[in-house]
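I opened this notebook to record what I looked up in one structure. The entries follow the order in which I took up each topic.

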Amino acid sequence: QEKKIFTVQGPYPIIRSLLRARGWVEKKFGGAGKAGSRPEWHHGSQETQLQEKAGDGDDAEQGEAALDPRLGSACCGAQPSQGTSEPLHSPSPPEEEEERWDEDPEAIHNLMSRLVRDQVPYFIWTNRCSAVDCRLLQQDQVVNHYARVGAFTTKEGLCQNLRNLPWFDQVDPDTFFPRCYRLRAADERQAFIEDFHLTAARSLLKVAAEGAMDVLAGMEQPPKCSEEPGERQVPRNHVPHPMSSPAGPGPPLPPHLVEEALQVCGQHLSALGHQDIDGDPPSPPTVGTDWNRFLQDYYRVVHEGAGLALSGAQREQCRALLQHLAGQLPQLGMEGDRNVWILKPGAKSRGRGKAGGSQEGEHVPCHGGVPPSPRVPCPGIVCAARLEEVLRLAGVCMAPSARVGEWVVQKYVERPLLIFGTKFDIRQWFLVTDWNPLTVWFYRESYLRFCSQPFSLHHLDPARHLCNVSIQKRYRLARGRHPQLPPDQTWSCRQLQAYLAQVGLGGAWHQVMVPGMKAAVVGALRSAQDLVEHRKGSFELYGADFVFGEDCQPWLLEINASPTMAPSSAVTRQLCASVQRDTLRVVIDCRDNPACPTGAFELIYKE
């Protein structure tokens with residue numbers, strides 16, 4: 001009568017325990033095997049077929065049956081596998097059952113589950129949207145997923161839809177999302193090539209300007225976290241970013257190379273100033289540049305250390321032009337000078353490789369950014385600093401055997417905030433409880449994930465650049481690693497705040513980092529709002545991944561549906577339990593009492 005019947009599918013012992021403690025009775029999902037196992041179904045999933053037609057972009061494995069929410073069992077004629085993690089016991093005499101309840105606390109829950117086997121579960125928590133046939137849900141049933149969220153939870157969806165953000169809000173996605181292109185689309189592939197050319201020209205100006213890097217650092221918006229002089233300057237990282245020297249081995253390149261870069265960047269600056277009201281990208285410079293030759297000379301300077309012969313007047317021209325470009329290009333500071341880009345599987349999230357290729361965390365080793373031979377399978381994520389490398393690798397990934405549209409290329413953040421010379425990213429949770437009106441809750445706790453090797457742009461291997469836990473667990477910690485870096489490669493955001501305070505940035509977290517992350521989350525959701533299939537009674541918890549620039553500004557990398565709740569450290573064990581507890585407070589308690597405590601969740605947006 002109180003409708004306190006729930007179903008949990010997937011490895012969520014915390015959710016199960018919290019609901020039981022609230023007096024809810026579990027109706028066990030017949031196909032729920034042990035974590036990591038896959039039930040054997042006699043028939044394919046009708047929900048999966050519907051999902052493919054709708055382009056949901058979900059992370060679910062294909063071929064699994066959907067849960068009929070009216071019965072709490074697998075629909076479409078599917079049969080569960082043998083040996084579930086919580087088997088239903090056969091009937092026993094009352095005295096034997098009483099003894100068994102004392103020895104096996106799960107026995108009473110199995111009995112209660114049998115008692116409600118013909119009842120409708122009113123709260124459903126699964127690890128993928130495709131586990132529930134949403135067409136069969138009753139109005140009073142609550143489920144922890146929305147359909148068609150691939151519009152912002154896949155890299156391809158985020159890349160495509162954030163471009164429409166200026167139509168919904170006066171926000172430039174270039175201020176929080178690194179430039180990104182879908183390589184399967186011919187026009188976007190050409191736009192990427194032109195972007196690579198322009199970035200190379202700007203990078204050459206930076207190298208030519210010599211001390212211009214210090215000027216650029218001053219042009220970046222510093223954290224507005226304190227009026228004290230010592231706190232307004234972002235400190236140099238303990239291990240500096242490797243910078244190209246304008247003087248190096250080999251004969252210096254002639255001044256006309258810098259003249260070409262000045263001409264190209266000047267034309268681009270002029271085009272930016274006349275950009276039309278619709279926000280369409282400006283046309284590429286029309287100067288007749290031999291880009292193949294220019295790039296080879298650029299590589300010699302930036303990657304091989306060749307010198308540049310240029311006058312003092314040219315150097316001043318470079319500095320002045322960079323100053324003007326900084327006012328038009330919000331990513332100028334973070335893009336560095338080595339023109340590094342990162343190739344990602346666009347139809348997946350959480351660092352996963354493409355279907356039929358490498359899975360999450362499986363990477364083919366590359367040295368100096370050089371991708372593997374076309375004869376080997378395409379790796380999951382690869383960094384590259386040469387145009388021909390990206391295009392060659394993209395050609396492998398988009399071969400006839402590869403699924404069309406799965407690969408995006410994105411500008412790599414070359415100047416991230418480092419901690420003791422090591423790169424990190426941050427997992428930030430947020431909760432959507434309605435799409436119409438859009439209602440967003442931001443979690444005040446989060447955690448950092450460190451790389452196992454020190455950051456270096458001279459070595460583009462995953463151990464230095466990809467912070468995913470599933471990737472880093474494959475590598476050993478670097479010798480001579482700073483003793484204050486955590487051995488389990490995880491910090492809480494509170495530890496980050498303590499570190500920032502120690503280096504003179506005590507206010508950066510609350511005044512720069514958190515506001516920037518909130519704005520990025522809301523912007524991403526608004527850009528995809530009309531594409532998500534929303535229903536009253538649903539909700540969903542997401543995990544956004546950010547990296548911070550040297551100026552502490554956050555850059556959104558991706559948004560994950562069904563973020564992992566499996567603890568990998570003491571920090572995540574505590575935080576994952578807390579966010580699940582507080583999620584239930586928001587989606588259950590607040591329905592009956594809007595004034596009830598919501599834990600660490602903060603309502604940040606409601607239309």
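Predicted model: local features only at pLDDT ≥ 70, side-chain atom pairs only at ≥ 80, totals over all residues.

Residues are numbered from 1 along each chain as its sequence is written, and side-chain values use heavy atoms, with hydrogens and water left out.

**Entry 1: backbone**

I found Q489 in the loop between α16 (469-472) and β13 (490-492). Its phi is near 65°, a positive value in a residue other than glycine. Q489 counts as buried at 13% relative accessibility, where buried means under 20% relative accessible area, exposed over 50% and partly exposed in between (1.4 Å probe, protein chains only).

N339 sits in the loop between α13 (312-326) and β8, and is buried with a relative accessible area of 0%.

I also noted a cis peptide bond from N436 to P437, with omega near 5°. P437 lies in the loop between β11 (424-435) and β12 (438-450).

**Entry 2: nonpolar cores**

I took a nonpolar core as a set of buried Ala, Val, Leu, Ile, Met, Phe, Trp, Tyr and Cys residues joined through side-chain atoms within 4.5 Å. The largest has 81 residues, and F123, F152, I419, L496, W509, Y542 and L556 touch the most other members. Helix α18 (residues 508-528) gives the largest share of this core, twelve residues. Domain 1 (1-29 + 105-127) and domain 2 (150-178 + 416-606) both contribute residues, so this core lies between them; the domain bounds come from an automatic or database domain assignment.

I recorded a second, separate core of 46 residues, which includes Y181, Y298, L322 and A384.

**Entry 3: cavities**

I used a 1 Å grid over the protein atoms alone: a cavity is a set of points where a 1.4 Å probe fits but cannot get out, and lining residues have an atom within 4 Å of a point. Grid points are joined across faces, edges and corners, and a volume is the space filled by probe spheres set on the points. I counted five cavities of 30 Å³ or more. The largest cavity holds about 250 Å³ of space. Its lining has 20 residues, of which I342, K344, L466, N468 and L557 are the closest to its centre.

Methods. 1 Å grid on protein atoms, 1.4 Å probe; cavity = no way out; pocket = protein on both sides within 12 Å on 5 of 7 lines; lining within 4 Å. Helix = DSSP H or I, 4+ residues; strand = E, 2+ residues; numbered from the N terminus.
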